[in-house]
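Subject: Handing over the structure

Hi,

Here's the structure I promised to pass on. Have a look at it first, then read my notes below.

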Amino acid sequence: IFTFNDYADKYALKPVATWYDEIAPRPVNDGVSHFFDNLAEVSNFGNSLLQWKPAKAGKSLTRFMLNSTVGLLGFFDVAAKVGLPKDTEDFGQTLAAWGVSSGPYLVLPFLGPSTVRDATGRAGDYFASRDVIETTTETSVTLIAVDGVDTRADLLKAEEFIMGDRYLFLRDSYLSRR
């Protein structure tokens, strides 16, 4: 799956992300990133509550409300400008807080590095956040694709830090980050 993902990235994802990064003006690129970060605040809120972190939950709810209104659906991160920086909580972290072990490392098609616990968490986060915007299947697929391209474009510069065996570097980086 790692090799499949590498080929998919090399011949499809990276060229599209590079093209997007080159043609999208920085404010548009940043706005798209902020929009998806704002949608993730719903998951951050729920996971903060499930981890018994009420202050973080309140911060995520405030960020979502502020950025959704004053920040024009999240295209502007107004909350960060008023002293509410983004925190990230996901269902994989919630499962860890509940004592679920990470399980073995694995690589998911198109999604990349994960563990069994975090893969389960990704599914939980997806279902928790997909109801934020009531959409058709086509719109959902479009949103997922735009988020994927935007995320990949944001990672273009990080590639220069990969040294040695690509698989080992990405695995170790993922596991140490988690």
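Below is what I found, starting with how to read the values.

This is a predicted model, so local features need pLDDT of at least 70 and side-chain atom pairs count only at pLDDT 80 or more, while totals for chains, interfaces and linings use all residues. Residues are numbered from 1 along each chain as its sequence is written, and side-chain values use heavy atoms, with hydrogens and water left out.

Let's begin with helix α2, which covers residues 26–50. (Helices are DSSP runs of H or I with at least four residues, strands are runs of E with at least two, and both are numbered from the N terminus.) G31 sits in this helix and counts as buried because its relative accessibility is 3%. For that label, buried means under 20% relative accessible area, exposed over 50%, and partly exposed in between, using a 1.4 Å probe and protein chains only. Leaving aside residues up to four places away in sequence, G31 touches G74 and F75; contact here means heavy atoms within 4.5 Å. From G31 to G103 it's 72 residues in sequence and 36 Å in space, C-alpha to C-alpha.

S43 is in helix α2 too, and it is buried, with a relative accessible area of 9%. Its side chain makes a polar contact with the side chain of D125, at 2.9 Å. (A polar contact is a pair of N or O atoms within 3.5 Å; within protein, one must be able to donate a hydrogen and the other to accept it, and residues adjacent in sequence count only if both atoms are side-chain atoms.) With residues up to four places away in sequence not counted, S43 touches E89 as well as D125.

Now the rings. How many aromatic pairs does the structure hold? There are eight. Rings of Phe, Tyr and Trp (its six-membered ring) pair if their centres lie within 6.5 Å; planes under 30 degrees apart count as stacked, over 60 as edge-to-face and the rest as tilted.

One of the pairs is Y7 and Y11, which is stacked at 6.1 Å centre to centre with 10 degrees between the planes. Both lie in helix α1 (residues 2–23), four residues apart, about one turn of the helix. Y7 counts as exposed at 52% relative accessibility, and so does Y11 at 57%.

Y105 and Y167 are edge-to-face, because their planes are at 80 degrees, with the ring centres 6.1 Å apart. This pair links distant parts of the chain, 62 residues apart: Y105 is in strand β1 (residues 105–108) and Y167 in helix α8 (residues 166–177). Y167 is partly exposed, at 30% relative accessible area. Ring pairs also link F2, Y105, Y167 and Y174 into a cluster.

Cheers
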